[in-house]
Amino acid sequence: MSCSDDFISKNPPSDLNSEGFYKTETDMNQAVLSAYANLRSLYNQTYVRLGEIRSDNTTYSWLSGNPANEKGIDEFSSPLLPENNFLASCWDDSYKTILRCNIVIGRIENIEFKSEVLKAQYTAEARFLRALIYFYLNRIFGGYGVNGELLGAIKVDREITQTEAYDMGRVSLQEMYDLIIQDLKYAESNLPESYGSTDIGRVTKGGATALLGKVYMTMAGYPLNKGEEYYKLAIDQFKSVIGNSRYSLVPTYKDLFEVSNKNTSESLFEVQYKKGTQGGATGSPWNNNFAPRFSDKEVVLVGDKGGENSPTQDMSNAYEVGDPRKYVSMRDGWTNAKTGAWENEKYVCKYYDVSTSGSDNDNNWIELRLADIYLLYAEALVRTNGDKQTAIDYVNKIRERARNTLGDPDITPAADLLRDYTLSDFSTSNDLLLAIEKERRVELAFENHRWFDLVRTGRAKDVMTAEQKFDGYSDFTWSDDALAYPIPMTVMQSNPGKIIQNKGYTQL
């Protein structure tokens, strides 16, 4: 009874809740790192399922029973039910990350820093991460609603109460991209060019510049269709990255994916992983997840095998015979050690490592790299009727690096393998655009770019119709509704009538 109200209202030291924790410069650094850490739950499997497996690049080599969740994504099953738990995981984990970013952005102003530059940097990192997540959310869920409007995700740009959350609906896709652009411009202005060794992996100015260019490229295409003006905005961003001497292509394609070779000169932003922590909490799973389900040590030495993200036959065919990038990225099968039989089961080998146990590997996920920017720059030049020779030069830089890579020792490549292109190889701009599209496919294979490229360029219908029929789905019928995923059922149920569903799905 003698204790004051002030004394009994204090949080115990062991209870680091949001009211008692965000008080110092050190606290805010931990808050920023917490936002980075939450990326792992999104990149581990979610984005790959909704992007790469949705495309003509990959499929599942093994599925137990008749799983509607996987088939709905991979085979364009109609309807793709909003109850799909992969959609719910994507939505929930994305907004958890956005919440962590909003905590930093909203609370940092009231905290005293020794350096205002560092304070702005932490804010910029949080705003970059928020922009990155919203970029994914709006490419995955953004589309025409059942009300005919072009809608994005739910805009949460500050900390909100539970009551406020139940009163929020989707906003226009343009409004969502406006927020993404604002965040990235702030990040570009306030992030450093580089870090000391203890902070390697945090996003730099170059990462923000590159992502903003990709955002402009996406806005130029479907569904906003802003066209030439935005392709030119993208070109300006890409020039800034290309002209930065800090970035260069690594000597060989294989160098990019060596597990000991993280955060190279080609990297603009990587999601950081580290194996060996308790329960494998910070390790990456792809080497195990992508391995054939019934293989043993022929493919991975330790841990699980998931049979996910298996290359399609069309993906295998996309490589020129002897292209070293194929040998680095995938295999067409494996030899069964017990029977000696060849198992015609394709798998991704790009993320090879030896797990500590289960699915605990050391590979980072390269979200942004210079080769991606070279090819987008080339595409944007062609789409704006710019210098086609310069566009071809940047494609050739990618092909030259591939030629310098050791490929399959059992294949003798043709003498003119991956030869440099010339202007005379292309009679029309569209021919050149298709060549750039193909180069992006093989250069960036299994890095989760393909589906989003097909959507923004308006090529999804033609490509996916051909792929589905190639795979034996002769009765496949395309619907433009497939260009956007449905808003998850759990989200719709949280606020019936307020949250507008995408076209082609049922409005609650």
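These exercises treat aromatic rings and charges over rings in a predicted model. Local features need pLDDT of at least 70, side-chain atom pairs count only at pLDDT 80 or more, and totals for chains, interfaces and linings use all residues. Residues are numbered from 1 along each chain as its sequence is written, and side-chain values use heavy atoms, with hydrogens and water left out.

**Exercise 1.** Classify the ring pair of Tyr43 and Tyr47.

Step 1. Rings of Phe, Tyr and Trp (its six-membered ring) pair if their centres lie within 6.5 Å; planes under 30 degrees apart are stacked, over 60 edge-to-face, and the rest tilted. The count by this rule is 28 aromatic pairs.
Step 2. For Tyr43 and Tyr47 the centres are 5.1 Å apart and the planes make 85°, which is edge-to-face.
Step 3. Both residues belong to helix 3 (residues 25-50), four residues apart, about one turn of the helix. Helices here are DSSP runs of H or I, at least four residues, numbered from the N terminus.

**Exercise 2.** Classify the pair of Trp91 and Tyr95, and decide why each residue counts as buried or exposed.

Step 1. The distance is 5.1 Å centre to centre and the angle 40° between the planes, so the pair is tilted.
Step 2. Buried means under 20% relative accessible area, exposed over 50%, partly exposed in between (1.4 Å probe, protein chains only).
Step 3. Trp91 is buried because its relative accessible area is 6%; Tyr95 is buried because its value is 14%.

**Exercise 3.** Which ring has the charged end of Arg139 over it?

Step 1. The criterion is NZ of Lys or CZ of Arg within 6 Å of the ring centre and within 35 degrees of the ring normal.
Step 2. The ring is that of Phe452, with the charged end 4.2 Å from its centre.

Key:
Helix = DSSP H or I, 4+ residues; strand = E, 2+ residues; numbered from the N terminus.
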